[in-house]
Amino acid sequence: MATVAASGRTRRRRRNLLESRRFLATALIAPAVLFILVLVGGPLLLAMYLSLTDAVGGTLGGEWVGFDNFLNAWRDPNFRRALRNTLLFTIVSQAIVLLCAGLIAHALTRPIRGKWLLRFLIILPWAAPVPLSTIGWLWIYDSLFSVVNWVAKQLHLVDQFNPPQWLGDPTLALGAVISVHAWRIIPFAVVIFLAGLASIPSEVEDAAKVDGAVGLKKFWYVTLPLQLPIATVALLFGIVFTATDMTVVYILTQGGPFNSTQMLTSWAFFTGIRGGSLGEGAAVSLYLLPLLVVVAVLMLRFARKVEVT
Amino acid sequence: MITSREKLTSYLILGPFALVLAFPFYWMLWTSFKTELDLYDINNVPFFFGHGSPTTKNYSFLFNETEYLTWVKNTAIVGVAVVAITLVLAVPAAYALARLSGRWGQSMGVGIFLTYLVPPTLLFLPLSYVISHFPVGGHAGLQDSLWSLVLVFPSFTVPFSTWLLMGFFKTIPRELEEAARVDGASRLRTLFQIVFPISLPGILTVIIFSFSLVVNDFVYALAFITTSDSKTISTGVFTELIRGDIFFWQALMAATLLPSIPLALLYNMFLDRFIAGFTGGAFR
Amino acid sequence: MADKERVDVSKLDELSRRDLIKRAGAGVILVYGGLGAHGVAYGAPKYRQKELAGTLRILQWSHFVPAYDKWFDNVYTKAWGRANDTEVIVDHINQADLPARVAAEAAAGRGHDMVATLAPLPQYEDRVINHKEIVQAVTRKRGKMKDVAYRSCYNPKTKKYFGFPDSYAPDPVNWRRDYWQEVGFGGGPTSWDVVKRAAPKLRENNRPIGIGMSNEIDSNMALMALMMCFGSFIQSRGHRVTLNTKKTVEVLKFARDLFRSGMSNEIFAWTAASNNQGFLAGRLSLALNAISIPRSAELSNRDLADKTMIAPIPKGPNGRLGLEHVMHTYMVWNFAENKRMAVKFLADLETKYVGAFENSKFYNFPAFPKSVPNIPVRLARDSNTPKGKYKVLGTISEKYTKNVGYPGFTNAAIGEIFDTYLIPQMFAEVAQGRRTPEEAARDYHARLGTIYAKWRRRGKI
């Protein structure tokens, strides 16, 4: 774009060219598209290729094995559990996020004292780098020094000697992972919801008042429908953040206890990178993509449709 | 009018949520002042200090014995550079997709967004090849250089930002641009003088969002950077405050707390403008 | 532990700095950043007259003894660099995160000249040089490599040394003398039978046994060692899966019963740090770990350190078979820019290993036992109380330290099983009653079989 201000004799011609819709569009879009093609498209194709080979230990190539890796992965119970967990983590954490963020955002629209401080506290999890805040959670859920258990022990809610192991019991550990995901995404969803609420024209509010719609009723019939498109956006991002994330599981549980909290991303890492079966790891991680694409396209369509009506 | 009952409801909702969401940070603060003996004493009440706590030695350890400040600085540098690249690539593309191209613009926008869905778990291997064979840089291209991250991070910030800004540009009334064009301004001039200034909130949104994505990265920084003076905060803290099977918990907590608070303050400060940006962008 | 450590480190610093300055007088200009804001000296000796022969780049873990890294980075490699006209650059990352970086370098075909990991990584065999030359060079001077090291870095199928272990860590059992005395087992955990008998009493006193069954390295090591003591082996000498045996069923039963009678649920949630913390908290009465437990206790809690004993792994029906805790293995990439110096560096390091042995506080045992003279005397000299408690490490390293995958070699299939935590998974599922021991032995035998078949197809086993 910097070259735009070109001078001299060619200026006129260039100017005409720049006035051409098609040329300008291409010129403006091309850098971004090229960049993405090179840095995402290329590696993605390579990953697809690897998933069809028996590549090992960081060698970017191997013998062609067709869909063996995909079949092998499918036959592995740990893989299937990882697939199920990916869906579970995503759906449950996002349900929690939507509910909590909806409530918080709604409450935040009212002009109350100390709002700034409350908003600051609520935003904190979003500001902390995820790998580091997850370490914080690791300490909170520690097997011996868990503050949660300490409180529960003082209140005599749990066994003094053998308190619940937040990261050691499959069900609790699933809950722990979900809690961290929800915790880190709620602030983000709150912000998006606030944007959604801010966008509701005040006429609508007034009209609702005239019609006598208050409280829950108003929420259900007026606010919620108007919020749907933006809720879809928040949800879409939440889904992507959760489903493609490996950091939380990798740091919090390493997939444990006994590989019951593996997600596709982490399982791909443990088989492909740590274990050295690169081809199979690539296959595992690719299982997720078509699913996400379908979900994303549907949600984007839905968001647009709701807007129109 | 807001009734006092409504206000009370707000407090009743916000209070507990704020407590729960901020609790880990409170806990980090507490932990960061503890001595070893205090930390590993199960009989000790964790909400009080003992055994020589509180101590600031964990902080002095962080600042004096590690390159913590360098990691913070590196993160900031990478963040700013990535944001700049993101803007340079995404703003024109988004504008063109929203205004200059017809139906296929929308599809292409979605297409670009979809690349954001690719999980980074394995992408870092091929990308490692790309950065190590980058024509500029040291003995191994951009490996172990901050620039490797500057190059790679836009691969996920650009798709998101383009898509977001696209929505944003659509909300700008066409009449504004047309009026300027009637006055004889070129398309580009219109872009710079009319469109961009009104889009500032949207651009701000993209800035904040891209920056937070950069700070959150883990896998790429882990795979690309090993020299201590080029590490970013996430990996620096992670790779140097965990030694074998010893976790320096207190320093880890301090290291998390320190950048989070100013960032949260900053985000909170810009939140209203951010909201305006998102309102414009995401769903119109 | 940081507190005390710093004192030692600063002393070391002064020493090394003085040492460096002295040498600087000999025509050498040092660019040495000190340990201030710039941290670990990244600069290297620059020579005025001579051209540097090259640069040598090393990547390894952040050693659990911080003083080791300072010695290695600022003293040893600097001195070696001066003697060999080479600038040596050492980078460190956390051991758990090394594999990602190693994979990235292998994929890129560029990076450090050599990387060291805590376990051999046979899957990179095609990307590394044959380390035979180094083994031979050291053998000429120091005699044979220990069998445990040999079996960890050699692939008999392809006849290639896919790595060079400079050292390994013996894996003792750590136990609290006072706790065991309280319940009338003052002799400590001499056999698994004793452990089983003492466990309920220890647990009654809220002092559980701690053998991890979690997704982390210590659990992997402890459980595989326990298996061997019961005569259950993952693979045979000829690298066939041999998991589905009566012995495996027996050891699974034993672990389940031991868990029920003497442990708490915490072992399923463990990270690599948990058994250390459990000991520091005074909770655990027994744990299998390298000497990081007593060593960190010595820094922060002397009283605890005095009560923490180390002993060889308890004896089982199949005798006393332990594993190394860490097999610190260097791999020189075949794409390394400075292979020649890398080879020389490793051979030199191993030939005179005293410094590494001492500075690691006996964590790094030399892969070539004769590289450190008088190991027993050195161990006995340790000043920590009770005096001579580290002597037993010598015995453990001599007699009870086998490689992962024993009686076979450590191979790529073993590596994958290790890194996907299948063994802790098997034990945990049985301990929690989700599977019967028989079922587990059968099922995991089949799962391991798939992994072996895969690597056999690739010609690596």
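Analyst: **Helix packing**

In chain B, helix α5 (residues 103–114) packs against helix α8 (residues 154–170) at an angle of about 150 degrees, and their axes lie 7 Å apart. That angle makes α5(B) roughly antiparallel to α8(B) (under 35 degrees is roughly parallel, over 145 roughly antiparallel, 65 to 115 roughly perpendicular, the rest oblique). Axes are lines fitted to C-alpha atoms, for helices over the stretch in contact, with angles from 0 to 180 degrees between N-to-C directions. Helices are DSSP runs of H or I with at least four residues, strands are runs of E with at least two, and both are numbered from the N terminus.

This is a predicted model, in which local features need pLDDT of at least 70 and side-chain atom pairs count only at pLDDT 80 or more, while totals for chains, interfaces and linings use all residues. Residues are numbered from 1 along each chain as its sequence is written, and chains are lettered from A and ligands numbered from 1 in the order in which they are written.

The crossing of α5(B) and α8(B) is left-handed (the near helix is turned anticlockwise from the far one by less than a right angle; clockwise would be right-handed). On the α5(B) side, G109(B), I112(B) and F113(B) meet P159(B), T162(B), W163(B) and M166(B) of α8(B). Their classes are five nonpolar, two polar and no charged (nonpolar: Ala, Val, Leu, Ile, Met, Phe, Trp, Tyr, Cys and Pro; charged: Asp, Glu, Lys and Arg; polar: the others, Gly among them). Contact here means C-beta atoms, placed from the backbone, within 7 Å.

Helix α2 of chain A and helix α4 (residues 68–100) of chain B pack at about 135 degrees, with axes 8 Å apart. At that angle α2(A) is oblique to α4(B), and the crossing is left-handed. From α2(A), the residues involved include R21(A), L24(A), L28(A) and F35(A), and from α4(B) they include L89(B), P92(B), Y95(B) and L100(B). This contact has 15 nonpolar residues, no polar ones and one charged.

Now to the strands of chain C, which has 19 helices and 15 strands. Of its 461 residues, 61% are buried (20 or more other C-beta atoms, placed from the backbone, lie within 10 Å of a residue's own; exposed is 12 or fewer, partly exposed in between). An open sheet of four strands has the order β10-β11-β9-β12 in chain C, with mixed pairing; strands pair if DSSP finds at least two bridges between them. Its edge strands, β10 (209–210) and β12 (308–311), each pair on one side only. Strands β9 (residues 173–176) and β11 (residues 286–288) of chain C are antiparallel and share three bridges, with V173(C) opposite L288(C). Helix α11 (residues 292–300) of chain C lies across β9, β11 and β12, at about 155 degrees to β12(C).

Strand β8 (residues 164–170) of chain C is mostly covered, with seven of its seven residues buried. Six bridges join β8(C) to the antiparallel strand β13 (residues 322–332) of chain C, where S167(C) has H328(C) as its bridge partner. Strand β14 (residues 365–366) of chain C also pairs with β8(C) in the antiparallel sense, over two bridges, and S167(C) stands opposite P366(C) there.

Some backbone details remain. Most residues other than glycine have a negative phi, and most peptide bonds are trans. The bond between G256(A) and P257(A) is cis, with omega about -5 degrees, and P257(A) sits in the loop between α11 (247–252) and α12 (264–274) of chain A. Q254(A) is found in the loop between α11 and α12 of chain A, and its phi is positive, near 55 degrees. Q254(A) counts as buried, with 23 C-beta neighbours inside 10 Å. H156(A) also has a phi near 55 degrees, but H156(A) counts as exposed, with 8 C-beta neighbours inside 10 Å.

Methods:
Contact = placed C-beta atoms within 7 Å.
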